[in-house]
Structure formats: structure tokens, C-alpha cells
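Thank you all for making the time this morning.

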Amino acid sequence: MADAPTTTSQQSADAARTGLSAAALQRGVLDNLLCLRGRYPAIASPHDWYMALAYSVRDRLLARWATSVQTYAGSDVRVACYLSAEFLIGPQLGNNLVNLGIEANAREALRALGVDLDMLLELEEEPGLGNGGLGRLAACYLDSLATLEIPAVGYGIRYEFGIFDQQIRDGWQVETTDKWLQKGHPWEIVRPEVAYYVGFGGSTHDETDARGHLCVRWIPTRQVKGVACDTPMPGYHVNTCNTLRLWKSEAVESFDLQDFNAGDYYEAVNEKVISETLSKVLYPNDEPEIGKRLRLAQQYFFVSCSLQDMLRLLEIRGEPVGHFAQLFNVQLNDTHPSIAVAELMRLLVDDRQVPWDEAWDITRRALAYTNHTLLPEALETWGLPLMRNLLPRLLEIIYEINRRFLDEVRQRYPGDDARIARMSLIDERGDKLVRMAHLATVGSHAINGVAELHSGLLKQTVLRDFAELWPERFHNVTNGVTPRRFMLLCNPALARLLDETIGAGWVTDLARLRKLEAYADDAAFQQHWRSVKQANKAVLAEHIRGVTGIGVDTAALFDVQVKRIHEYKRQHLNALLIVTLYRRLLRDPQLALTPRCFVFGGKAAPGYATAKLIIRLINGIAEVVNNDPVVNGRLKVVFYPDFNVKNAHFIYPAADLSEQISTAGKEASGTGNMKFMMNGALTIGTLDGANVEIREEVGDENFFLFGLSADEVERVKRAGYRPADYVKDDAELSEVLQLIADGHFSRGDREMFRPLIDNLTHADPFLVLADYAAYVARQDDVSAAWQDTRRWTRMSILNTARSGKFSSDRAIGEYCDKIWKIRPMRITLDQ
Ligand code: 26Q
């Protein structure tokens with residue numbers, strides 16, 4: 001037998017796993033290259049190096065992670081549990097290097113091995129486990145929770161296929177499957193021993209339990225096992241490392257084989273396949289009808305696993321179930337996890353024999369609900385037949401909650417039957433539906449919107465009756481984004497300039513950016529500021545050339561609109577502007593036009609035909625404008641394919657102008673608007689979502705406001721909006737629409753964009769034409785402002801300087817104070 005290792009070799013082995021110096025990292029990378037990849041450097045592929053580095057970084061997270069988890073388990077500290085069907089966490093390697101503070105050392109270690117860190121960062125596939133804003137918000141919040149040293153767990157679904165990859169072929173969006181797991185995902189640790197069973201279907205029966213109490217037993221026809229897949233979520237420059245716990249579905253083998261399909265091996269395997277499909281794929285938003293049954297099953301699946309996990313932790317801590325709400329705050333990220341209201345009741349009442357009233361008190365104290373939309377078509381409902389068939393016991397519980405709730409409403413408003421019908425958890429007007437926003441509201445002690453305007457509208461519209469009944473339960477928490485990823489990581493040149501100018505403290509105290517105001521007119525600082533922006537634009541230009549083949553002039557104004565494609569976000573309003581400018585050039589080729597490069601990015605839901613046609617229109621315009629000699633390079637139009645977190649990293653820092661042009665009252669908050677602002681872009685926008693607060697912070701003189709307000713939008717609609725009138729009265733608009741209708745951007749095809757033009761001129765539900773003239777006029781102001789470089793630079797600096805409010809640290813601080821009543825807990829590593 002070999003000798004036991006000596007102390008010194010033990011220490012160096014430890015250092016190879018945990019040491020943060022360049023030398024230790026280098027040893028770690030070489031160890032992992034051999035021990036996990038089976039490779040020596042001479043034949044290692046870039047992917048081998050990526051994996052070796054990723055594992056080395058993960059090694060360095062593990063002690064922090066294990067210590068954090070153990071500290072929480074061993075104390076009576078309250079834990080924030082963020083339940084979300086989506087977590088769009090983005091690439092992990094760079095972020096983890098930044099949060100651990102070892103980016104420079106890792107770079108040096110790799111350089112000594114002849115490997116370029118940037119090349120490895122470029123290789124990483126991101127887990128696209130979200131559609132857009134809501135999923136990315138959840139990820140930003142996990143970063144802030146850890147950075148603020150708040151004990152927290154993110155709970156969600158480990159989709160095998162995340163959001164589809166987008167390709168552009170012949171101008172159209174084409175979807176291909178997302179391959180995030182194909183080459184292995186080094187950040188996750190699967191925990192087969194942390195698993196729970198979730199039932200579906202079957203029937204319920206009244207029974208008498210051992211103590212003679214009447215109770216209900218649900219006998220499902222199918223069970224699925226949820227297995228925990230954990231990803232570490234380290235804070236910035238702290239020891240706290242929280243957990244993102246995503247559930248993957250598996251078959252329950254013994255259940256199938258023994259109880260139901262004894263002897264039928266192939267039927268059992270088939271059951272297994274069905275069980276595993278539960279966490280197979282993320283559904284896109286804006287697809288209300290597709291996969292309804294599976295989507296509800298997914299929601300229940302992850303919610304049940306997560307609540308069972310919390311109850312298990314309670315037992316580990318030796319606490320009675322009565323302490324559930326003291327120990328857990330369960331935040332519902334939209335209604336997607338709102339079945340939690342009924343499931344927690346079931347787990348308490350049916351499984352643990354807690355009396356109904358006590359269980360209800362626990363449930364309501366533990367849960368809180370964040371609303372992210374007012375769009376009626378996006379409010380979740382489930383048909384009663386589906387609910388009864390898939391989750392019979394949950395439906396019974398919802399009925400009981402509703403019965404008791406409506407009794408309360410009746411007492412408060414005797415005889416007001418209309419109100420009862422409006423507030424009921426069940427919509428009885430047509431096919432009966434469960435209203436999930438009502439369920440979430442009734443089951444929560446706190447309800448919030450995601451920007452001031454949105455929270456106000458929420459109380460006036462969708463949840464009006466509830467806000468009247470329980471005004472004290474309604475809050476606003478304006479969204480925020482993490483400056484670690486969206487400044488420090490993605491814009492290192494800006495970060496360096498900020499460090500030199502105002503000190504490094506801004507990263508965790510973003511309000512300190514205000515100190516930049518003193519430099520807004522400083523000529524040398526301005527020069528530096530512009531050179532940072534210019535370099536970022538050159539980087540984006542390179543990517544654009546590589547991906548689309550289009551060459552763009554980095555001296556042009558970079559005008560960017562990146563977000564999901566949706567009519568309410570009005571990418572087509574932007575398209576109309578481009579055609580307007582193009583038409584002006586056709587009429588007057590000598591026109592002094594401010595050179596602009598329009599950059600679009602975003603995915604359309606696969607079944608959303610209008611959104612896909614908007615993409616086609618943008619590409620049709622690009623094809624003509626980019627190649628017309630009259631334009632002579634003064635306008636460029638780029639549709640950057642497959643917008644995701646990874647390419648967002650080089651898009652936001654390169655923007656001069658941020659397009660936030662949704663119909664007022666429709667965008668709950670927006671978070672891209674904040675990312676642009678932090679990186680020094682000016683905003684052209686409507687009074688919608690967080691734009692309102694951005695303008696308040698930065699000042700009207702540094703924001704290009706246009707368009708109808710939310711109130712005016714409603715008034716115009718009530719008065720009977722007639723878009724054709726706007727066409728009639730505006731020659732420029734009419735000619736712009738005509739150019740599109742004539743097939744100018746569809747190679748002569750007059751049919752291609754007809755649905756879009758017809759929609760705009762006859763219905764225009766999002767008031768594109770009503771805002772067109774104001775938008776074009778404001779864009780003329782933008783062009784004029786761009787001509788005055790010093791003025792523009794001043795405005796750009798002030799945008800960054802006044803963006804502090806939009807840090808997710810501020811937002812999480814508000815959740816902690818107003819809703820969760822949680823305080824930080826310091827993690828100390830024993831060494
Ligand atoms: C629902 C049912 C079936 C299938 C999919 C869905 C589904 C999935 C995702 C519905 C909605 C979403 C995502 C919504 C979303 O991203 N909302 C955005 O949330 C941001 C964070 O608060 C806000 O900033 C945006 O304004 C809001 O649009």
C-alpha cells in the first residue's frame with residue numbers, strides 16, 4: 001500500500017482544488033483536464049479546456065456552497081424561496097469568475113498554458129431555460145440575493161430543451177432545437193437522493209384516519225419522480241453561495257411495474273417515456289393553446305417537488321409544520337407556480353392532518369405573488385375538465401378555498417352578486433375556468449407589480465376588487481437588473497473607467513454612480529467615455545459581420561431594439577420609421593441624414609404569425625436599404641439572429657439609443673431598458689413600465705419621450721379608434737405604408753405583408769399609427785442631438801450616473817423589507 005500523503009502534498013492538492021492564485025488555478029485546470037476529461041494538454045480540444053476550467057471554477061465554489069447550505073440547515077434563519085417556471089441564467093463561467101474575483105488569475109493561468117480565456121468564454125452554451133424578461137429577472141434576483149447574503153433557493157424546472165434557437169432563412173425565423181445539454185453542463189450537480197413523488201389523475205375518496213378524523217385520500221393513476229439538479233449561485237465577493245434547484249422528471253419504476261403493469265415490460269417502459277417528457281421542453285409565451293395539459297402538469301410537478309423539499313428541510317431542522325411560514329417565504333414569479341396555494345394546503349391538510357384554518361393561515365403567511373402582465377390574453381386560466389382530470393384533489397381544494405373566500409366577500413359586500421362573480425376563483429361566464437391570478441392573490445399575504453405604473457394599473461384593473469378588499473396587501477417593487485453581469489462582466493472597459501473615476505464600490509452600491517455627474521462635462525472624461533463606447537461598437541460590428549455578413553459603420557448612431565417580438569412592443573413602429581427615413585432619401589438623395597445603424601434582435605413564439613411576419617418585414621427592409629446605392633451606407637438595418645443572454649453581453653454596451661416603444665400600459669416593466677441605461681444608451685420611449693421611472697431618474701432633458709400615455713390610450717380606444725384616419729391625414733405615413741404594400745420590401749410580392757398592413761390600417765390594436773407621427777418627430781430630435789457630440793456624451797454619462805435605482809440589489813432589498821422580512825446572514829468559511 002502506498003504511504004499516506006504527506007502534509008505538503010495534501011496542502012498542494014487542496015490548493016489545486018480551492019486555491020485562488022493563478023498557480024493554483026493552473027494546477028486545477030491541468031488536474032481536471034486529466035482526471036475528468038482524460039486528456040493531456042497536447043491533444044486537448046478547446047472544449048476540453050473549457051470543461052477543465054469550468055470544473056476548476058466549480059471546485060472553488062463548492063466549499064462556499066456546502067458551507068452556505070449547512071449554515072442555513074443548522075439555524076432558524078428564514079429562507080427566501082423563489083418559485084419560477086423560468087430561470088434564464090445565461091453563461092456561467094464568466095459570471096462565476098467575476099463573482100469569485102478570479103478572472104485575472106484565471107486569464108493568467110490559461111495564458112501560461114497557451115490558452116485564451118476569451119476563446120473559452122465564447123464556447124460556452126447557455127442554458128436557455130426562459131423566454132425573456134421574467135426568466136432573466138429571476139436570474140438577476142438570484143445574483144442579488146447571494147450578493148446581499150440572503151439565504152435563498154431558486155426552484156424551477158430543468159428543461160431538457162430550453163427556448164429554441166433562432167435562425168433566419170430567407171428573412172424568415174426558423175426554429176431549431178436548443179442543445180444546451182449536448183456537450184454536458186459542468187455547473188450542475190444532480191442529486192438522485194433528493195427526490196419526491198408527484199401524483200397525477202385518478203380520484204379522491206373520503207376516509208377516516210387512525211384518529212377517527214374524516215379525511216380525503218387522493219389515489220392518482222400516475223406518479224412521477226422529481227430529481228433535484230442543483231446549480232451554485234455565488235454572490236459577488238462574499239462567501240454566500242445559494243442554490244438554484246431545478247427538478248427533472250423521471251419514471252417511478254416500481255410503481256409502474258408492480259402496481260399497474262405487472263409483467264408488461266414494454267408498457268412500463270412506455271410509461272417511463274411519458275414521465276420523462278414532463279420536464280422535456282420549455283413552452284414559449286404567446287402560445288396559449290399549445291401543450292396546455294403538459295404545461296399544467298409541469299407547473300404542478302415543480303411546485304409540488306419544491307414544497308415537499310421545504311417541508312423536508314423543516315423536518316431536518318426539527319421544526320413543527322406550524323413554523324413553516326416563519327422559516328420560508330415563497331415568492332410566486334407570476335401565476336405559473338400559483339397552484340402552490342392549493343398544493344401547500346393539500347400537503348398540510350391531507351398529508352399532515354393540519355386543521356384547515358391553521359393550514360390556511362400558514363399558506364397565506366408563507367406565500368406572496370408577483371404579477372408580470374395585465375394583457376388579458378396572458379392571464380392564466382385552466383379549464384375545469386382539465387383540472388379535474390389531471391389534479392382532482394387540487395380542484396376540490398380550490399373549490400373549498402373559493403367557498404370560504406366568497407363567504408368573506410359576501411359578508412363584506414352583502415347582495416353584491418356581480419362582485420362575487422368577478423372575484424370568484426372560477427370564471428363561470430362560458431366554459432368554466434380556474435383564474436390563477438385570483439388563486440395566487442387570495443392565497444398570498446402580499447401582491448406586487450413590477451413598476452410603479454404597472455402596480456397602479458394592477459390595482460385599477462385586473463385585481464381592482466381585491467385591492468379594494470385588502471389594500472394593505474398590495475405593493476410595488478420596481479424591477480432591477482444585476483450590475484455584475486450587465487456592467488462589470490459585459491462591459492469591462494466601462495467598469496475600469498468607473499473604478500478609476502469613482503472607485504470600485506459602485507458594483508455593490510449602484511447609487512454611487514451619481515458621483516459621475518461631476519464629470520458629465522469634463523472634456524477628458526468625455527473623450528474616454530466615447531472611446532469606451534466606440535470600442536464596444538467595434539466589437540458588435542465584428543459580430544454582426546461574422547453572423548450576418550453585413551458591414552456597419554461604427555461612426556453611425558447605433559439604434560437598438562432587442563426583446564421578444566410582440567405587437568405590443570411595436571417593432572413594426574420602428575420598421576415604419578426606417579422606411580420613412582429611406583423614403584426621404586429616395587426623394588432627396590442629398591438630404592443631410594444622421595447615419596444610423598438599426599439593430600434588432602428577438603425571438604417570436606413559433607405559432608405567433610404576426611410576430612414572425614414582423615421579423616420578415618425587418619429583413620425585407622434590411623435587404624433593400626442595405627443595398628440601395630442611394631442610401632450610400634447612411635442607413636443600415638441588421639436583424640441579429642438568436643438574441644439570448646450571451647449575445648446580449650456585447651449588444652447592450654454598444655448601443656447609443658435604446659428603443660422602448662411599447663404601447664403605454666402594456667409593458668409591465670421592461671428590464672432591457674435598464675441594461676441599456678446602465679451602459680450609457682439614451683432612451684427613446686413611451687410612458688410605459690419602468691420607462692416612467694427611468695425618465696424620472698435621468699430627467700426629461702435626457703430622455704426622448706413620445707406617444708400617448710396609458711390613460712390616453714384607453715380614452716382613444718373608448719372613443720372608437722380609427723387607424724385609417726391617421727393614414728388619411730398623414731401623407732408621409734400613407735406613402736410609407738404604400739411602399740410596403742407595393743412589394744418594395746418583398747421583391748415585388750404584394751401579398752407577403754398584406755396581413756400586417758391590413759391589421760394596421762383596420763384594427764391596429766396597439767395604436768402603432770396613432771403614435772407614428774410623434775415617434776418620427778422625436779426621432780428627428782434624436783438625430784439632431786447626435787450631431788452635438790458633447791451634448792450627447794453628457795446625456796450618455798448622465799444616463800449611467802442616474803441608473804443606480806435599477807440595480808436588482810435595490811429591488812431585492814425592497815422584497816426583503818416590504819414582503820419577506822428577511823435579513824442577511826453572513827457565511828464564514830472555517831479555515
Ligand atoms: C404561460 C402559459 C403557457 C405558456 C407560457 C406562458 C408564459 C411564459 C412566460 C407566459 C409569460 C411568460 C413570460 C412573461 C414575461 O417575460 N413577462 C415580462 O416580465 C418582465 C419581468 O417582470 C417584465 O419586465 C416585462 O415587462 C414582462 O413582459
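Let me begin with a term: buried area is the accessible area, taken with a 1.4 Å probe, that two parts lose on being put together, summed over both. Please keep in mind that this is a predicted model, in which local features need pLDDT of at least 70 and side-chain atom pairs count only at pLDDT 80 or more, while totals for chains, interfaces and linings use all residues. Residues are numbered from 1 along each chain as its sequence is written, and side-chain values use heavy atoms, with hydrogens and water left out.

The chain is divided into domain 1 (1-75 + 102-125), domain 2 (76-91 + 126-479 + 814-820) and domain 3 (489-709 + 771-804), the bounds coming from an automatic or database domain assignment. Between domain 2 and domain 3 the buried area is about 2,900 Å², and carbon and sulfur atoms give 61% of that. On the domain 2 side, Gln166, Asp286 and Leu375 supply 19% of the area buried against domain 3, which is more than any other three residues. In terms of contact, meaning heavy atoms within 4.5 Å, 36 residues of domain 2 meet 39 residues of domain 3, and the C-alpha centres of these two domains are 36 Å apart.

What is the count of salt bridges between domain 2 and domain 3? The count is one, where a salt bridge is a side-chain nitrogen of Lys or Arg within 4 Å of a carboxyl oxygen of Asp or Glu.

Now to the interior, where buried means under 20% relative accessible area, exposed over 50%, and partly exposed in between, with a 1.4 Å probe and protein chains only. A nonpolar core is a set of buried Ala, Val, Leu, Ile, Met, Phe, Trp, Tyr and Cys residues joined through side-chain atoms within 4.5 Å. The largest one here has 116 residues, and those with the most contacts inside it include Leu83, Phe200 and Ile339. Helix H10, residues 292-316, gives the most to this core, with 11 residues; helices here are DSSP runs of H or I with at least four residues, strands are runs of E with at least two, and both are numbered from the N terminus. Apart from this core lies another, of 66 residues, with Leu573, Phe598, Leu617 and Phe639 among them. As background, in soluble globular proteins nonpolar side chains tend to be buried together.

Lys537 lies in helix H22 (residues 523-548) and Asp656 in the loop between helix H25 (645-651) and strand S20 (657-660), so the pair ties together parts that are 119 residues apart in sequence. Lys537 is buried, at 1% relative accessible area, and Asp656 is buried too, at 3%.

Arg596 and Asp559 form another salt bridge, with their closest N and O atoms 2.7 Å apart. This pair links strand S18 (residues 596-601), which holds Arg596, with strand S17 (residues 557-562), which holds Asp559, across 37 residues, and both partners are buried.
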